[in-house]
Amino acid sequence: MGRSDRFRTLALSSAAATAVLIGWGGLVRATNSGDGCPDWPKCFGHWIPPFEYHALIEYTHRSLAVVATVLIGLQAIAAFRRHRHQPIVFWASVLVVPLFLVQAALGGVVVKTGLAPGWVTVHFAVAMLVLADLVVALVASLGAERRARTGSFARLALWTAAATYALLLAGTYVRARDAGVVFQDWPLMDGKLVPALGGAATVMFVHRVLAAAVTLLVLWVAIRARTLPGRPRSLVILSTALIAAFAAQVMVGAANVWTGLEAWARAAHVMLAAAIWAIAVGLAVWARYVPSPSEGEGARATPDEGVMARPSVRERTTAYVRLTKPRIIELLLVTTVPAMILAERGIPSLGLVLATLGGGTLAAGSANVINCYLDRDIDEVMRRTRRRPLPANEVSPEQALRFGYALGAVSFLFLSIVVNVLAATLALSAIAFYVFVYTMWLKRTSVQNIVIGGAAGAVPALVGWAAVTGSVGLPAWVLFAIVFVWTPPHFWALSMQYRTDYAAAGIPMMPVVRGEEETRRQILLYTLVLVGTSLLLYPLGHMGPVYLAASVILGGMFLHRALRLWRERSRGLAIGLYRFSILYLGLLFAAVAVDAVLPLAR
């Protein structure tokens, strides 16, 4: 084993020992074992502690501190002797020694001040700096043979680590103030997202707001890692580990509330905090050593293409709006308001309607923008889509991805605060399903892509119902099913018109894979299912004669067009059916709304 390998092993051992020491310190605090050994350095006058719960926990903590101290000292000596030519490795390894001593001294201050929240927080802050120093030394030694650089992703990872540090300190202050169960209805706070503030309530509210913000930042880091040129495996692994640790931390935080601060939950919270911090710092440092030659992938022109004119504010705004696919959003929102009216059995408040539509617009826009980002290679090939902003170089891919992510985050926060958490969660699920299940998986791999993917477009009906009732009733699921089975005949009719485009792009749409004859048959079959599903709402939703008449008449017209398309085999009829399908959905849901407000006997 070479000297570098030995130093890395030592640095890894020091960082691991320190992380375990911090986590075990959380266990000592959670179990109130700080006085488990009343004397020092022995325990009850002996080097081997008595076999008693609190004594064993406290003495183990002391033993871990000794191990960490020895390892840190050895690392500092090794760095002084062998790594003075590597400034980051050298200084990180040497400066950790005085930091560790300060940390030990602060431990005494914390005890003397009776666990004052401020000193507890400072004590934890220095402990995290000790751990960060060790992680920096370790990661820098791994990248010693590479040239460090600062790119956009490295800066993002650094800001994420800084935000994580602030969150950890806020969480420590919450624990020190014993404010962990000031709200006992996680994820809400006294039934609200913005509770009445004051005292411990304010401390916990700030912690949860920071947690939400940092979670969004961590998710964005993971997305960016996966969209970097070459998709660096190490950055993907580290960012995935960070997400996983954050997800576990969120659930453990919830467990603290649900269990009334059980010792295991409190200890796990501290242990995961140390793990999250180590990963975040490691990612921030390692990102400087991973080459990313094309991070500016969104540049408007290459040297051979010349310099494009700088777009005006109006042109840029128009391009961003077009990324959201406004016409598709309009169609989705058509199903939201009638669902709200049916849930209310009348007209909901205008403020609630506008808030739900606004949040739904942002959510749908987010899904569409990210879809444009992921499908930009396809859009460049197809005649129908090659004029979209990304293929036309009106917006860079990175800007589009950032815009789509921001829309989704704002949508969730807005709906959560102004409407309710269920509506926000449903809207977020639609974004996730459309992006991950449909766009990233099914669209390019399965002929059933639009069938399964249609679930995302059916969610707005559930959002509308949830906005009014705070739950999802059976009629809402029938409305969802109507949109779900409406999507295949609607979209397959359009795909027949652009069959050659889909074939050129390698997208396995029904007309490309199974042929137009099978597509027409499938359109007819799904139309029959659609008509039957629409009629289900009459008994299950307690609808009246207006809806029944509309569903029968509109369903008959849709079925007539599907039969003609099946028999006459005309592409002109296909595009006509596509256009009628839009009118059908709008009129059917309008009938839902009218029927729900008319004072007719049911």
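1. Helix H16 (residues 449-469) packs against helix H17 (residues 474-497) at an angle of about 145°, the axes lying 7 Å apart. Here axes are lines fitted to C-alpha atoms over the stretch in contact, and angles run from 0 to 180 degrees between N-to-C directions. The crossing of H16 and H17 is right-handed, a term for the near helix being turned clockwise from the far one by less than a right angle. Residues of H16 in the contact include Gly 454, Gly 457, Ala 458 and Trp 465, and those of H17 include Trp 477, Phe 480, Phe 484 and Trp 492. Contact means heavy atoms within 4.5 Å.

2. This is a predicted model, in which local features need pLDDT of at least 70 and side-chain atom pairs count only at pLDDT 80 or more, while totals for chains, interfaces and linings use all residues. Residues are numbered from 1 along each chain as its sequence is written, and side-chain values use heavy atoms, with hydrogens and water left out.

3. The protein has 22 helices and 0 strands; these are DSSP runs numbered from the N terminus (helices H or I, at least four residues; strands E, at least two). Of the 602 residues, 49% are buried. Buried means under 20% relative accessible area, exposed over 50%, and partly exposed in between (1.4 Å probe, protein chains only).

4. The count of salt bridges is 13, each being a side-chain nitrogen of Lys or Arg within 4 Å of a carboxyl oxygen of Asp or Glu. One of them joins Asp 375 and Arg 444, with the closest N and O atoms 3.2 Å apart. Asp 375 lies in the loop between helix H12 (350-374) and helix H13 (376-381), and Arg 444 in the loop between helix H15 (421-442) and H16, so the pair ties together parts 69 residues apart in sequence. Asp 375 is buried, at 0% relative accessible area, whereas Arg 444 is partly exposed at 34%.

5. Glu 398 and Arg 402 form another salt bridge, the closest N and O atoms being 2.8 Å apart. Both are in helix H14, 4 residues apart, and are therefore separated by about one helical turn. Glu 398 is buried at 15% relative accessible area; Arg 402 is partly exposed at 39%.

6. A salt bridge also links Glu 517 and Arg 520, with the closest N and O atoms 3.2 Å apart. Glu 517 is partly exposed, with a relative accessible area of 35%, and Arg 520 is buried, at 6%.
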